[in-house]
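Reader: Hi! I have a model open and would like to talk through its packing. Could you take a look with me?
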Amino acid sequence: HAKMATIPLGFNIDSPRWDQSTFVGRLKHFLNITDPRTVLVPEEELDRAKALVESCRAGVVPPGSSQEQLLYAKKLYDSAFHPDSGEKMNFIGRMSFQVPGGMAITGCMLQFYRTVPAVVFWQWVNQSFNAFVNYTNRNAASPISLRQIGVAYVTATSAALATAVGLNLYTKRAPPLLARWVPFAAVAAANCVNIPMMRQQEIINGITVTDENNNELGHSRRAAVKGIAQVVLSRITMAAPGMIILPIIMERLEKFTFMQRIRVLHGPLQVLLCGGFLLFMVPAACALFPQQCSLALADLEQELHDSIVAKHGDKVPYVYFNKGL
């Protein structure tokens with residue numbers, strides 16, 4: 001009776017609260033689970049949230065639980081536990097840590113762009129952070145060895161450093177604003193290498209594709225390539241506004257006399273402004289493409305296409321898969 005009083009009949013804790021087929025619905029979903037405040041939630045409370053979500057899935061809700069409590073527990077669960085394995089993620093790799101972690105590193109990359117040693121150091125810090133995030137948010141169904149992680153990390157860091165140092169030297173004689181945009185070029189180049197390398201098993205072996213009712217149909221490499229390409233684009237979009245617009249703002253501000261007097265505060269100011277951009281851009285970039293990605297049957301590998309047609313005829317026009325984050 002207590003259950004019926006507080007929770008609507010047919011309440012499903014795993015069904016999305018907002019329409020995931022629209023950008024606005026996905027934006028609301030990711031604003032909820034990338035909320036940086038959840039990083040400060042104690043471990044015990046996260047464990048309690050997981051227990052509550054799992055008991056709700058089993059149909060056993062503690063008496064007196066309200067729908068709001070269950071939805072908050074699901075928010076904490078989504079922010080801290082891996083969607084495939086259910087394991088608690090290291091807090092540096094969680095999407096909810098993207099704002100505090102990203103604002104500190106991006107602010108420093110934008111502030112210390114003038115000398116090669118500073119560029120090298122901050123690009124290395126950024127790629128180490130990215131490696132953590134990519135490893136934490138990997139597809140748990142496609143295991144990756146420590147050696148592959150190491151190769152991905154070294155390759156992405158090398159790509160970022162080569163781009164940053166090369167462009168840094170090239171822009172010595174260019175307008176000052178171009179030099180301020182070098183960190184973004186390096187970040188974009190590294191993302192194009194880091195994410196595919198970190199998720200190479202998915203490209204080599206393919207990822208699970210299903211029909212609209214979640215029935216497994218096989219493994220597709222083309223689906224993996226489409227999903228990873230969308231993730232790369234999302235990550236570059238996440239960084240773009242802060243790293244392109246903020247240098248223009250700082251270029252203008254630094255011409256004022258009061259700004260020239262407080263040079264020591266330029267770094268903290270850039271970090272704070274980066275945080276402002278990322279607060280919106282992290283959920284917006286995650287929401288750019290649906291989490292459940294689709295691919296037309298005609299675009300699949302011939303072998304998989306033929307096997308699906310042989311089993312289901314023309315009843316499966318599209319296949320679906322989780323693209324990752």
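Reader: Which residues does Met243 touch, not counting residues up to four places away in sequence?
Author: Met243 touches Thr106, Met109, Leu110, Trp181, Pro183, Phe184 and Val187, where contact means heavy atoms within 4.5 Å. This is a predicted model, so local features need pLDDT of at least 70, side-chain atom pairs count only at pLDDT 80 or more, and totals for chains, interfaces and linings use all residues. Residues are numbered from 1 along each chain as its sequence is written, and side-chain values use heavy atoms, with hydrogens and water left out.

Reader: Thanks! How many residues does the largest nonpolar core have?
Author: That core has 40 residues, and Met243 is among those with the most contacts inside it, along with Met103, Met109, Phe184, Met238 and Leu278. Such a core is a set of buried Ala, Val, Leu, Ile, Met, Phe, Trp, Tyr and Cys residues joined through side-chain atoms within 4.5 Å; buried is under 20% relative accessible area, exposed over 50%, partly exposed in between (1.4 Å probe, protein chains only).

Reader: Which helix gives the largest share of this core?
Author: Helix 11, with 10 residues. Helices are DSSP runs (H or I, at least four residues), as are strands (E, at least two), numbered from the N terminus.

Reader: And where does this core lie relative to the domains?
Author: Between domain 1 (5-81) and domain 2 (95-322), because both give residues to it. The bounds come from an automatic or database domain assignment.

Reader: Switching to helix 2: what do its buried residues pack against?
Author: They pack against helix 4 (67-80) and helix 13. Phe30 and Ile33 are among the buried residues of helix 2.
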